Each structure stands twice: as structure tokens, then as C-alpha cells.
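Welcome, and thanks for taking a look at this one with us. Below is a short briefing to read alongside the model.

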Amino acid sequence: MSELTPSSLAPQSVGIVRAQTARFNQSLALKSGAQLAQFDLVYETYGELNAAKSNAVLICHALSGTHHVAGKYHADDKYPGWWDNLVGPNKPLDTNKFFVIGVNNLGGCHGSTGPASINPATQQPWGSQFPVLTVEDWVTSQTLLADHLGIQQLAAVVGGSLGGMQALQWTLAYPERVRHALVIASAPNLTAQNMAFNEVARQAIITDPEFYGGDYYAHGVVPRRGLRIARMLGHITYLSDDAMGAKFGRRLKDTIKYSFDAEFEMESYLRYQGDKFAGEFDANTYLRMTRALDYYDPALAFNGNLSQALLKVTAQFLLVSFTSDWRFSPARSREIVKALLDNERSVSYAEVTAAHGHDAFLMPDAHYHAILRNYLNNISVGDRA
Amino acid sequence: MSAHNAEFRHDFAIIAGWLPFGSKVLDLGCGDGALLQYLQDSLEVRGYGVEKDDANWLACMTKGINVIQMDLESDLSDFEDQSFDTVILSQTLQAVNNTEGIVREMLRIGREVIVTFPNFGYWRHRLQSLQGQMPVSKNLPYQWYDTPNVHLCTIYDFDQFCISCNIKVKQRLVLTANQPVTFMPNLMGSLAMYRLENNPPLK
């Protein structure tokens, strides 16, 4: 969720990519009971779909991710896609072997239908009227994208954090449509503490005077201050105490000035990240992404019994957690592992020693990438009879 | 392809002989996964490994073995009671801290338990001790300063442990140079192999 450095792996880049849009002129029934009469999903693909259409891998993004997973739109783009260190020719998720799909989730703000889109019924931006979405809704919409691409069964679904929840949900709701799930730095639901961070983030947005109940588009403003604070809070939770200490410590930009300006480097970092995010992300999308995180709880319908919830799962699983990740701690991944073991499903679980906290799942740590590379290498994509 | 082809492991073959075809097996401290791969290839066991070390974990996963990275000392409570046919601790007993706790956990998780360990009472080890050296051998390949082994024991010691813990020894086999040893096993045996079960609770 932090910034990636400009890719130093240019020879292994997927190169120049372009986003595509799939339009769905069909009603999508959402878990909330609301319906979307039609919607767009914007997506990118890397690599070639094989003749048997058996080598497709879907990457599900987290809170602030997009469909732009790898490559650049223009050679002089400052940054490549958000998981460029993973996806490309001869990279751990090898585009010589796999056909990789990145999709912007419904309700997003990067091209898929979302709160800033025009509501066909009113010809105004959806704003507050855009429905609250769930992980289940996203996965349903992603199956329609797979249909659109002619893919009956994915070789794998890969996701970190909220993306991991989507990967898990694929195996629950569409067991026949996914062979492998790579669930990274994720959880079977959020703890109260984790949801509490989301609530503070939402309150920062909702109480911003320029939020206007979610209909700020009509006023020509955006709730920048709220979104900025929400993102600053998020960044604190994505890093470990040690990682923040190593990155900033108590270093001052200059000297103590007995003011409330950004005197410490940590403050500059948070303000920079907050400002940058507030200038490019939609507050209504942020509200909905955090709410989808809060609501996801596949065990709820089974009296909290995750093992029963995972009974219908047939996919093979790789779970990875990171030792310093306190927002999606290893213990939470192990709950999923236990439920899979209870059902005697195929599962491997790695607990990677990493200092970066939750952000570690986006870092090119050698052992972590070896895990993903070797697991993905073992996935068979042979043309099946 | 794999290490066990290069050198035939008699202890693996004996363990395989103790397992029914297709049984559900948990291998604790499974190392690079050679045993589980052997058991999957020869018996089609439904196997899971537990391994803490990163390099070993990666070797297992790369072989296509289901492997869970966790600490034997603290994390076995994730496994349900009697959820495996057999739980194996292959040449790892000597490297665990909470020996009794782990053996009890194994008996809780598995209907049967297999434990193998290097016999510290083997005459070569005793001879080295008499010579004033810490024993180093094929089954105990470490120097005193780099050994992971914290709880070395003899066959006699382990028998006493089973009696005091009310654990039933279903079968015991002792090997030296891959050959069974029946004469003075605690002196002549290099590797000890046990099949354990829970005794019925004492009335």
C-alpha cells in the first residue's frame, strides 16, 4: 500500500500496457439487496491466454489498489503498476506461463463503475446513492469478467489483504472455477481493532464539511481533509513500529521550532502520503472499500465456524503471512489454515520473517518471492482434455 | 531427482511398512520433505508437514508437499484431536525443548505416533564420551557448539519415559547401518524407531 520504487527490473517488465473496459448490460444483484442495472469493469491483462484457457490468474487488489498491476502506460511513467515486482516475464508470477488479469473493483475510482460514475437513472454522479458493496459482490462481478474473457476456470486467484479475502471468497462461492488460491497477509474477517481503524478513517471523511453526505461532486469539491487523515491513519497501521523506527526514527527535518508544522520526518511522510492520496482517490470509494472489509465474514452464517464455512472449498491453497504485520497478523492467516486442515484440503502456509509490517506483502523480499515463484511454477496449466 | 533416490533410507522404508496405504499422516519437523515425498510416492499417503526453517519449508513446498510453517513447541493446538492416522517425529525428538508436551500432543492428534531418534547409548557414542569428546556420528553429525540437539537420550531412557508417561510402546525397532539390531540394542543400536499409542486411561 506504500509507494513502490521505480522498477529496477525493466528487462523483465511486461512493458507498455493499456487498460480495457468491459461493459455489462445485465443487472447485478448485490448482497445488500440493491441492484446495478449495468456496470463497467476496467481491467488489464498480461501474457497470453492459452488455447485451453487454463492459464489465467486473477489478481485481486486491496483497499487502494487498481487494475494497473504491472507495466507502464507510457515509457516515461514515474512508476509501474502496483505489483510490478511480482508480475512479468520470468518474474515470480511469470507472464510467459500465465495470462494475468488485473481488475479495478466495482465501486472503485479508476474506471470501473463507482460512486463518481454517472447514475443512468438520474444522469448525475451516483454519490451517496451508490450501493455499499461486499467482497461477495466483487467476486460475483469478477466471474462475469472471466466469462467475458471466455475463462471458465482460473488457474489461480492471488490477493493480499482485502485482495486475499476475495481470493478466499472465490474458492467458497465458485469452487469449480478456481484451482489455486494464494491468500497473502489476509484474514477470514477483521478484528474489532482492525474495524476500529476503518471507523476512524470513515469518520474523518464523513465529518469533513466538504463531504456533503457523499454528494460532494455536485458542489465541485472533494473532502480532501478527511481523506487525507484517513490515509495517514492507514499508513501508520501498514507499517510496523520497527519499520517506522528504521525509516524515520525521531529524525527532525531541521530543528525543533516549537510549532505544529511537520518538524519530524515521519510527519512529513504521513502528510505527503495523505496529500497525494487525497488528490487522486475518491472518498466515497474509500468508505465502501473499508466497509467491504468490515462486513466480510464467511463464518458468520456458520455460527462463527470457519471450518464449516470452508467445507465446499476444493481449491489448493497457499497462505503467506508476515511476522511484523499487526493489522493482518499471522494468527489470522492461521485461522484459515486450520479451517483448511480441518477439511483436509491442500494447503501450505508460510510465515515470512519481515520487518515491514502489512506493507511487506508488496515488497520484493527474496524468500517471499521464492515462495510465490515456486508455488506458481508447480501449477499445471497443461491443455486439459 | 530427489535426495532419497541417491541414498536409500531404510528408516523411511520401515516407517512406510508401519503405515496403511492412503493413510493421513502428519510429519512434524519434516525437514526438506524427503520422508513425506517417499510416503506419498510409495503409499499415496495424505500428508502434511510441519517445518519451521525457511529453507526446509521452501524445499517441501517446491516438492508439492503440503507444509505448514509453525513452531512445534507452541502451535500444535491448531490440529484437532485424533485428526490424523499417524503423527511422525523423525529424528527430531532430540531437538525439541518440551519433549513430554510434544509427545503428548502427538498422541492427542494422531491415533498412532512414530518417533525415531539417534541412540545416545550407541557404543560409538559411549566410546567417544569415554575418550573425553562429545559424540559425533552419522546420526549425530553436529559439533557441540553448533548442534540443534538439546535432549539427547538413550533407548533405555526413552523406554523409561514411556513408562512414566503411561505411553504404550506398540513396537520398537533398532537399526545400525540400516540393519536391525536385537542383541543389546541400547549398546549396539544407532537409530531407535518407536510406534506409540495411548494406553487406556488408568482406572
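The largest pocket has a volume of about 1,400 Å³. Please keep in mind that this is a predicted model.

**The largest pocket**

- In total, 48 residues line the largest pocket.
- Nearest the centre of the largest pocket you will find B:R9, B:S90, B:Q91, B:T92 and B:Q94.
- Several elements of chain B give at least two residues each to the lining: the helices α1 (3-6), α2 (10-17), α3 (34-43) and α6 (123-130), together with the strand β6 (167-176).
- Of the elements, α2(B) makes the largest contribution to this lining, with three residues.
- By residue class, the lining of the largest pocket holds 18 nonpolar, 18 polar and 12 charged residues.

**Extent of the interface**

- Chain A brings 20 residues to the contact, and chain B brings 19.
- Together the two chains bury about 1,800 Å² between them, with carbon and sulfur atoms giving 49% of that area.
- On the chain B side, B:M61, B:Q69 and B:D78 account for 28% of the area that chain B buries against chain A, more than any other three residues.

- Four salt bridges are found between chain B and chain A.
- One to look up in the viewer joins B:D78 to A:R334, where the closest N and O atoms are 2.8 Å apart.

**The side of chain B that touches chain A**

- This side draws at least two residues from each of β2 (46-50), α4 (54-62) and β3 (66-68) of chain B.
- The most comes from α4(B), which provides five residues.
- Its residues comprise nine nonpolar, four polar and six charged ones.

Conventions. Residues numbered from 1 in each chain as written. Chains lettered and ligands numbered in written order. Predicted model: local features only at pLDDT ≥ 70, side-chain atom pairs only at ≥ 80, totals over all residues. Heavy atoms only, no water. Contact = heavy atoms within 4.5 Å. Buried area = accessible area lost by both parts, 1.4 Å probe. Salt bridge = Lys/Arg side-chain N within 4 Å of Asp/Glu carboxyl O. Helix = DSSP H or I, 4+ residues; strand = E, 2+ residues; numbered from the N terminus. Nonpolar A, V, L, I, M, F, W, Y, C, P; charged D, E, K, R; others polar. 1 Å grid on protein atoms, 1.4 Å probe; cavity = no way out; pocket = protein on both sides within 12 Å on 5 of 7 lines; lining within 4 Å. Points joined across faces, edges and corners; volume = space filled by probe spheres on them.
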